[in-house]
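Here are my notes on the model you asked me to look over.

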Amino acid sequence: MSKRSLKSHTKYSKPAAGKLERKIKALLAKMTLAEKIGQMTLFTAMWAETGPTIDNNFMQYVREGRCGSIFNAYTADYTRSLQKLAVEETRLGIPLLFGFDVIHGHRTIFPIPLGEACSWDLALMEKSARIAATEAAAEGIHWTFAPMVDVARDPRWGRVAEGAGEDVWLGCRIAMARVRGFQGKDLTADNTVLACAKHFAAYGGAEAGRDYNVVDVSERTLAEVYLPPFKACVDANVRTFMPAFNEIAGIPCTASRSLLTETLRQKWGFSGMVVTDYTAINELVPHGVAGDLTQAGQLAIEAGVDMDMQGGVYFTQLEALVNAGKVSPAAIDEAVTRVLRVKAELGLFEDPYRYCCEKREKRRILSPGHKAVAQKVAEKSMVLLQNEGNVLPFNRNLRSLAVIGPLAEAQLELLGNWYGAGDGRKVVSVTAALRDKLGDKIQITTVTGCEVDDEDDSQFKTAVAAARQADAVLLVLGENGNMSGEAACRVDIDLPGMQNRLAEEVARAAQGKPVAAVLFNGRPLAISRLAKAVPAILEAWFPGTMGGQAVAEVLFGDTSPSGKLVMSFPRQTGQIPIYYAAKNTGRPISPDKYTSKYLDCANTPLFAFGHGLTYTTFSYGPVRLSATSMPTHGKIRAAIKVTNTGSRAGEEVVQLYLRDLVACVTRPLKELKGFKKIKLKPGASAEVKFTITAAELAFPGPDLEPLVEPGEFEVMICGSSSVASGQRFTLLP
Ligand code: NOJ
């Protein structure tokens with residue numbers, strides 16, 4: 001290390017917690033306006049394409065002290081070389097901050113977040129985030145643009161893949177687990193990175209499920225549905241926030257002082273840093289709230305945006321805005337302080353190179369331990385949607401198996417979207433994994449049948465012939481990895497291309513034999529046709545690096561599926577938005593004409609939130625309450641006996657739903673308020689208990705502040721949101 005960098009280490013050696021603010025102040029006092037604006041600027045190094053390409057001379061800007069953070073760059077070697085420019089060639093030697101979208105793993109790729117959420121295993125989600133952080137931190141990355149905590153109820157929107165599904169209560173818990181996983185307790189540790197709660201707010205509410213589209217939600221829905229997971233992130237001490245691209249009721253989030261300052265900082269007490277989304281300040285011009293980039297920059301800083309991602313608006317406009325007296329030097333200092341604070345919290349002033357470590361990089365990336373966890377998460381994420389006649393697990397005594405479908409030999413596709421620095425060549429396809437597992441005991445034939453999304457059925461004959469000849473058939477269907485994620489929305493969410501027809505013809509040819517389908521996809525699909533054609537469907541999502549092996553384990557029963565849906569699967573795309581926590585309406589569905597329903601489709605989903613089968617069955621006794629009434633600040637205990645009524649051991653997610661029957665504002669028909677994951681041997685029973693307090697009964701009152709209102713509540717405990725009845729109690733005044 002050069003003298004210069006050592007000097008800067010001593011100069012900025014990590015202060016004791018109390019001294020941190022003074023150190024930052026002292027540094028700020030030495031900075032020119034241009035250097036300050038540099039700290040508010042983030043440019044891409046283009047190792048990954050995560051938005052529109054815009055040429056920038058980021059290396060030169062770093063050298064000039066005009067760019068304080070870089071994203072889309074990784075490896076110990078490369079980040080060190082960039083860090084050197086900042087530390088050794090700039091006047092003040094302020095270290096760079098490196099960001100990257102580490103969404104579901106860095107090199108070892110885990111299932112997409114939506115899939116992972118179906119495990120309902122918070123500890124495991126925290127662990128996978130920590131492994132992602134461990135690998136990323138070894139490659140020089142300090143900061144992930146995750147978790148995405150947008151509640152999403154429109155599966156046409158491709159970004160549902162990145163979140164935790166449709167539920168608010170579960171979404172909050174998952175958001176916190178992921179923040180804890182990424183950030184840990186000590187940001188200076190070599191296995192933690194800064195997390196970023198995104199996209200603030202209501203991005204999931206894009207009209208018509210089309211990415212970047214406007215959002216127009218009521219203040220109530222914002223407070224009740226979209227904001228809570230963000231608040232949960234603040235409670236978990238997330239250090240950075242990203243405003244959403246969209247507008248809400250006419251105000252783009254990047255220009256929303258009400259969101260970024262009044263709610264986030266003043267009401268919730270967030271002390272971290274706010275970074276825009278990719279070129280989001282520039283987009284205030286096409287949004288139509290700024291006439292030019294100068295005005296856009298002013299709106300963003302006034303709203304509370306500290307750092308400009310890739311747009312170069314602060315970079316080009318801020319100096320003039322300050323000189324013209326339109327932006328106060330104090331506003332700049334506040335933003336820079338927040339940026340320097342997170343750099344200091346990471347210990348970068350003590351050692352700017354602490355995250356660039358080839359040794360760790362070698363040891364940690366794709367380590368056997370990380371891969372084992374990735375396989376476990378993939379297995380736990382899978383949801384057995386249907387299993388008529390107990391087709392699954394396949395019998396080991398089969399002599400032959402036909403593996404048919406466009407994703408039968410896919411590798412890269414199993415990583416899905418946003419797969420960081422993942423490598424498709426490290427993925428074992430389902431067919432290869434089955435071959436590895438079964439050796440020559442079961443003869444495996446593979447036929448593609450058709451591509452994921454085209455109109456060519458010329459291989460159908462071969463597929464049908466293979467199905468006729470084999471003892472059993474596995475269809476491997478779904479979406480391509482790039483059909484979900486950012487800018488990847490679909491107007492019809494059935495299986496794309498010719499896949500339904502392929503499944504129907506193959507299943508007909510294999511009548512009387514076991515036929516199952518495994519699905520790889522990034523969103524709930526409207527698969528009514530497939531559900532009719534085949535008896536068994538295993539939803540495997542995009543399962544990541546170890547997905548092939550995980551599928552093979554589950555198909556042959558070495559592991560039982562235990563995932564439960566965190567997003568409803570509609571019967572048809574036209575039912576969207578469809579979610580379990582719906583309101584009753586004044587004319588709930590009945591056989592009468594003038595009620596809330598469709599002429600051509602049921603109201604219910606094909607597969608409900610919370611649904612998921614396994615290789616055994618569970619029965620639920622009646623819900624028992626410890627009392628029939630509860631004082632406002634008291635509690636009530638709810639219990640239920642759950643029995644494994646099948647012949648295999650199995651896991652069950654026992655779910656607690658509440659309904660507030662009469663309130664001053666309308667309440668959903670049911671809301672998830674708790675769950676317990678239990679494991680039971682065949683024939684065994686467990687007593688599952690929940691405690692209900694005012695916290696579970698509160699909702700935003702007429703002023704949108706939490707209200708606990710006396711009255712009658714219903715308690716439902718079940719294995720899926722589609723199960724209805726429960727026990728009632730009264731909350732006393
Ligand atoms: C745009 C996406 O909306 C955001 O989620 C992501 O973090 C940035 N690009 C950076 O890649």
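**Notes on the model**

1. Let's start with T279, which touches I54, M309, Q310 and G311, leaving out residues up to four places away in sequence. Keep in mind throughout that this is a predicted model. T279 is found in the loop between strand 9 (273-274) and helix 12 (284-287). Is T279 buried or exposed? Its relative accessibility is 5%, so T279 counts as buried. The side chain of T279 also makes a polar contact with the side chain of E283, at 2.8 Å.

2. Next, helix 14, which covers residues 313-323. V313, Y314, F315, Q317, L318, L321 and V322 are the buried residues there. What do they pack against? The partners are helix 3 (33-39), strand 1 (41-44), helix 4 (58-63), helix 13 (293-303), strand 10 (308-309) and helix 15. After helix 14 comes G325, with a positive phi near 75°.

3. Now the loop between helix 15 (329-345) and helix 16 (358-364), where you will find R354. Setting aside neighbours within four places in sequence, R354 is in contact with T188, L346, G347 and R360. For T188, the backbone oxygen lies 3.5 Å from a polar atom of the R354 side chain. R354 and A189 are 165 residues apart in sequence, yet their C-alpha atoms are 9.2 Å apart in space.

4. P352 also has its place in the loop between helix 15 and helix 16. With a relative accessible area of 2%, P352 is buried.

5. On to charges: the structure holds 39 salt bridges. One of them joins the side chains of E162 and R159, at 2.7 Å from N to O. Are these two buried or exposed? E162 is buried, with a relative accessible area of 2%, and R159 is buried too, at 1%.

6. D190 and R364 form another salt bridge through their side chains, 2.9 Å from N to O. This pair links distant parts of the chain, with D190 in the loop between helix 8 and strand 5 (196-200) and R364 in helix 16, 174 residues apart. D190 has 30% relative accessibility, so it counts as partly exposed. R364, at 13%, counts as buried.

7. The side chains of R239 and E345 meet in a salt bridge as well, 2.8 Å from N to O. Here again distant parts of the chain are linked: R239 sits in the loop between helix 10 (228-235) and strand 6 (240-243), and E345 is in helix 15, 106 residues apart. R239 is buried, with a relative accessible area of 4%.

8. A word on domains. The assignment gives domain 1 (143-182 + 191-270), domain 2 (376-574) and domain 3 (618-731). The C-alpha centres of domain 1 and domain 3 are 27 Å apart, and the contact takes 8 residues from domain 1 and 11 residues from domain 3. Between them, these two domains bury about 810 Å², with 62% of that on carbon and sulfur atoms. On the domain 1 side, W169, R220 and E224 lose the most area to domain 3, together 67% of what that side buries.

9. Helix 8 (168-183) and helix 9 (219-226) each supply at least two residues of the domain 1 side, and helix 9 gives the most, with 4 residues. E224 forms a salt bridge with R667, the closest N and O atoms being 2.9 Å apart.

10. Last, the cysteines. How many disulfides are there? The count comes to 0. C118 is in no disulfide, and the nearest cysteine sulfur, that of C718, is 17 Å away. C118 has 0% relative accessibility, so it counts as buried. C601 counts as buried as well, at 15%.

Terms used
Residues numbered from 1 in each chain as written. Predicted model: local features only at pLDDT ≥ 70, side-chain atom pairs only at ≥ 80, totals over all residues. Heavy atoms only, no water. Disulfide = S-S within 2.5 Å. Buried < 20%, exposed > 50% of the residue type's maximum accessible area, 1.4 Å probe, protein only. Domains from an automatic or database assignment. Contact = heavy atoms within 4.5 Å. Buried area = accessible area lost by both parts, 1.4 Å probe. Salt bridge = Lys/Arg side-chain N within 4 Å of Asp/Glu carboxyl O. Polar contact = N/O pair within 3.5 Å; in protein donor to acceptor, adjacent residues only side chain to side chain.
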